[in-house]
Structure formats: C-alpha cells, structure tokens
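This briefing goes with the sequence and structure shown here. Please read the points below alongside both.

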Amino acid sequence: MKRAARYLIFYSVLFGLWTLLAELKIWPPYLFPTPWGVGQALYAGFQDHSYWIAIRVSMQRVVVGYAISVVLGMILGLGVASNKFLEETMGGLLVSLQSLPSICWWPLALLWFGLSQNAILFVVVMGSLLSVTLAMEDGRKQMPKIFGQAGRNLGAKGFKLFWYVLLPASLPFIVSGLKQGWAFAWRSLITAEMLYLSLGLGQVLMMGRDLNDMSAVIAVMILIIALGYIIDGIVFKGMERHLHNKWGLTPAN
Amino acid sequence: MSTNAQNLPRQFPIPVDPALPAHSGTPGTRIGPVSIRRPGYAVSPNASKVGLSDICLSYRTQSGERLLALDNINLQVRAGEFVCIVGPSGCGKSTLLHLIAGLHPQTSGQILVDGNPIQGPGTDRIMIFQEHALFPWLTVGQNVEFGMKMKGIPKAERQEKTRYYLRLVHLAKFEKSYIHQLSGGMRQRVAIARALATEPDVLLMDEPFAALDAQTRDLLHDELERIWSETGRTIIFVTHNVREAIRLGDRVVLLTFRPGRVKSEFPVELPRPRHLEDPTVARAARGNS
C-alpha cells in the first residue's frame, strides 16, 4: 500500500512536470509533445497493427539470437573454465572483446550476410555472447568443487555430469550474467534494427524521426523500455525467485 | 529415536527397527531392497574388500617444491568391516578417501577393490562428505534418487528405493523438502540415504559428523551403527576424533602428520553398542592415542 502510494506520487509528479513543460509551449509541440499526444500515438500504433507486427518481429529475433548466444556461451565458457591453456589465452581476449560495442560488428555482418535478417541476428549474438561466456566461466569457477566430486562419485560423467550437476550447480552464479546477456541482446537488436529497413521496433522508432513525429518516437521508446522491463520481471525475476526457493538464502549453502 | 536406542539390549545384532515397514518379498531373505549379506556384524575373516598397497601421493606446491602428502600407506579392509582412520587435520586422511573413491589418482601404489584395481570413480564406493555435498537444487527425494538415475534404474524402482532408504534414516516425511530446509543432522542422514541408495559395497565417510552438535552426533552414531549392522556395508570412516573412532570402529588406524604414514593400528574389542561417553571408550582412546 505504502509502496503503491510512493509510485503514485512519483509518477504523478513526473507526468505533472511533463504536462506543465509541454503546456508552457517553450518548445514547439513537434519537438516536445504532451503525454496526451504520446498516448494517442501509442493508441494509433496499436490500432493500425504496426506496433504489434514490430513487437512480434523484434521478439522473434531477440529470442532466437539470445538462445544461440546462451548455447554457444555455455560451451565456450565451460571450455575456458576447464582448460588452463584456453583460460590463459582466450580468457583475456574475451574480456577485451567485451569492450567493443556490439554495433561495431554491423559492417562486418553486412559484408558477410548482406542486408538481411542474419546480419541482425549476428549482431545480437555478438552483443550477448561474451557476457554469457564470461558469466558461465565465472560461475563454473565459483561453483563449490564438492558438487562435481559428489556427482562423479555417484556415477555421473560426461554430458550427464554437465547437465545434471555442473549446470544446475552453477546456475545461481550465472543468472546475473544471463540477465546481463539478455539486456545486451535487446539493445543490440534495437540498434541494428534502426540501421536497416527491418520491420522491427528499431525501424518503427526511426520512422517516427523520418516523419518528424516526436510523439511516435517517444511512444516507441516507452514500448522498448516496457518490453525489456517485462521480460526482466517475468523471466529473470522468476528464475531468481525459483533459485532462491530451492537454495535458501545464500547460494553458497 | 533416542529413547528407542537407549532401551535396546546391549548386544548385537541390534534388532531391526520395528518402525521400518515390512517389504514385499520372501521373508527372511531380504529386507527392503537391501540384501542382508551377513547377520550381526560378524566379519568374514579373510575376504579383503579394499586393499591399499604402497600408496604414495605427492604434489607440487605453488612455490614449486614437491610435497609428500601420503607415504607408503598399506591397509587391508575386510568385507563388512568398520575401519576408522584417525589423524590430525592436514595429515591426508581425507585425501586418502578421495583416492579410494577414485576422484583423484595416486602418485604410486595400487588400490584394489575385490582384488581388482579401481578405474576412477565407481558406485561400488560411495563417499559421504563432511557437509554441503547434497545438491541444493534437488529435493531430498531427488538427491537420494540421483545415483540410481545415473545408473539408469527405472523410475518406479527408484522411487520405491528412495522411500525405503528415507524411512531407514527416519526422514520419510521430508521427501519433498529442499536441503536448506533441513538441519545439519538431517542433511547428513540424507547424505547417508543417498549413499546407500546406490547400494555400494563400501561407504567412505569423510568426517561426516564433525560439523554437528554433540547430541545430534551421538544420535547419528547410533543410527550409523544400526544401519551398518542391517545392511552389511564395509565402512571406512575418517575422523580426527579418537573417541569417535573407538565408539564406531572394529579397527582404528592412526596416521601421522605430514607425510601421512600409518603410525599404528589396533582392533577395538569393546562390546557394542558403545557410547561416546563410556569410560571404557575414553580409556581406550587415552591408551591408544
């Protein structure tokens, strides 16, 4: 109740200020729209289905791209964590590559894949792959060794050891990395979509600019934030809660 | 359970807990899924279950020098025997158990089980760790089931055995609980059930009760002795506590500190069941350590 009241106060003040600034007409409405105008743009976008289509296209891409980087990242991360040679060589390379903004892969992707869906997917994968890899490597190292010993002792080996012991044992340690990977995937996707006629949310956002329609620009920005927030709240918060219930308060126990 | 243990006649075999359910099958031949391979605790006199010959283990420290952790360990453990290995912290007694479990290779020497050299880990030798070795992402029941699942035992059989072994350690009600919801003593009972469920010949226990309070530890001593007498497993039990070793073991092996060598060994001939606070146990501990 108190929490709800706090939210209510915060957002009322925020919207109040916004409305006030817009109504003072310091800037022309096509540069500084009212909340009302943004609401109308949102309504119109959903009404003519263009937002629905954009959401579907973008979500499909990000889910496929993220899934690829999770699978690849787990294999890479495990490899790096379990091999001293790889750790010393590739480990450093991975960390330095992470400082490269994912959109820097765009020119390379264009040359390799042409102006296509695959070029966008490539950028998404490159955006999130490294954080998943580093998280997996770190999780594998932080995971108490005793789980692996107990698993081998009870007859688990090879893939079974990985699937039934090492992966679930390291999950609490990699969940934050998976979450970060998701955020990077989402950002990379929107960026890549803005550079290419792609039907996705990024393109709808750019369309607002092309039409000089600031209300639409802000409407799509709100949409992008909301989608990221919802996925985080449903998928990752749910996963964290699930782990918390199973493991108790501290993962180390 | 404690009252139950105190009312027991001071003789072996300890009667099977009447609370344990009768299991389908020919009466007298099997209790539950566990074959009773020996009555009471009579140890077959000659059969060597686990044989260690000339075991050495050395490793390189960070600074590059070679450190001898275990030096020329020779030990024969008979089938059904309860052997306690005692030594100060850092003498390599836990490491020795890891070697027997096949989790780590020895530098030289041979480990035989039933006369055959071991090839890495095997479910004929199951380890019970000091603590935190249960899988927190699984329920109690799934933990007990784990070894059987790895072996590919069908689900119905797994569940039946899981329930049986959970009843054996008096935790039937906790099948669906998660590990963090249990107390330390309960966790070690789950660990015992999980180890027994793969039906190993040899239980390797690595200071399993060291982290427990005295009262819980006493209870678990009684339970372990009962389970040992009912299931006929061979037990190699590592502890730093001489009294605990004398309380539990048929034989006690003392290791020296760095490098770990067998300093001496002696049989414990006190009648069972024993109690940690018995003056006889205390006297034996003083006399031999």
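Predicted model: local features only at pLDDT ≥ 70, side-chain atom pairs only at ≥ 80, totals over all residues.

Chain A has 10 helices and zero strands. Between the two chains, 16 residues of chain A are in contact with 19 residues of chain B.

**Confidence**

- The average pLDDT of chain B is 76, and 83% of the residues score at least 70.
- Residues 1–43 of chain B have a pLDDT below 50. Beyond near neighbours in sequence, this stretch has 45 contacts in the model.

**Chain A: overall build**

- Read from the N terminus, the elements of chain A run α-α-α-α-α-α-α-α-α-α.
- The C-alpha trace of chain A spans about 70 × 55 × 30 Å along its principal axes.
- Chain A has 253 residues, of which 35% count as buried.
- Taking contacts in chain A between residues at least 6 apart in sequence, 71% join residues at least 24 apart.

**Chain A: positive phi in loops**

- His49(A) is not a glycine, yet it has a positive phi of about 70°. The residue is found in the loop between α2 (35–47) and α3 (50–82) of chain A.
- His49(A) counts as exposed because 10 other C-beta atoms lie within 10 Å, and the cut-off for exposed is 12 or fewer.
- Asn212(A), a residue other than glycine, also has a positive phi, near 60°. Asn212(A) lies in the loop between α9 (201–210) and α10 of chain A.
- With 10 other C-beta atoms within 10 Å, Asn212(A) is therefore exposed.

**Contact between chains A and B**

- The contact involves 16 residues of chain A and 19 residues of chain B.
- On the side of chain A that touches chain B, the elements giving two or more residues are α7 (145–153), α8 (158–194) and α10 (214–247) of chain A.
- Of these, α7(A) gives the most, with six residues.
- By residue class, the side of chain A that touches chain B divides into eight nonpolar, five polar and three charged residues.

- Strands β3 (residues 48–60) and β4 (residues 66–78) of chain B run antiparallel and are joined by nine bridges.
- Within this pairing, Tyr59(B) stands opposite Leu67(B) in β4(B).
- The hairpin of β3(B) and β4(B) has five residues between the strands, and Gly64(B) takes a positive phi near 100° there.

- Val268(B) is found in the loop between β12 (262–267) and α8 (279–288) of chain B.
- Val268(B) has 19 other C-beta atoms within 10 Å and is therefore partly exposed; a residue counts as buried at 20 or more.
- Leaving aside residues up to four places away in sequence, Val268(B) touches Ile246(B), Gly249(B), Asp250(B), Arg251(B), Val252(B) and Ala284(B).
- One of these, Asp250(B), is 18 residues from Val268(B) in sequence, and the C-alpha to C-alpha separation of the two is 5.3 Å.

How values were computed. Residues numbered from 1 in each chain as written. Chains lettered and ligands numbered in written order. Helix = DSSP H or I, 4+ residues; strand = E, 2+ residues; numbered from the N terminus. Contact = placed C-beta atoms within 7 Å. Nonpolar A, V, L, I, M, F, W, Y, C, P; charged D, E, K, R; others polar. Pairing = 2+ DSSP bridges. pLDDT = per-residue confidence, 0-100.
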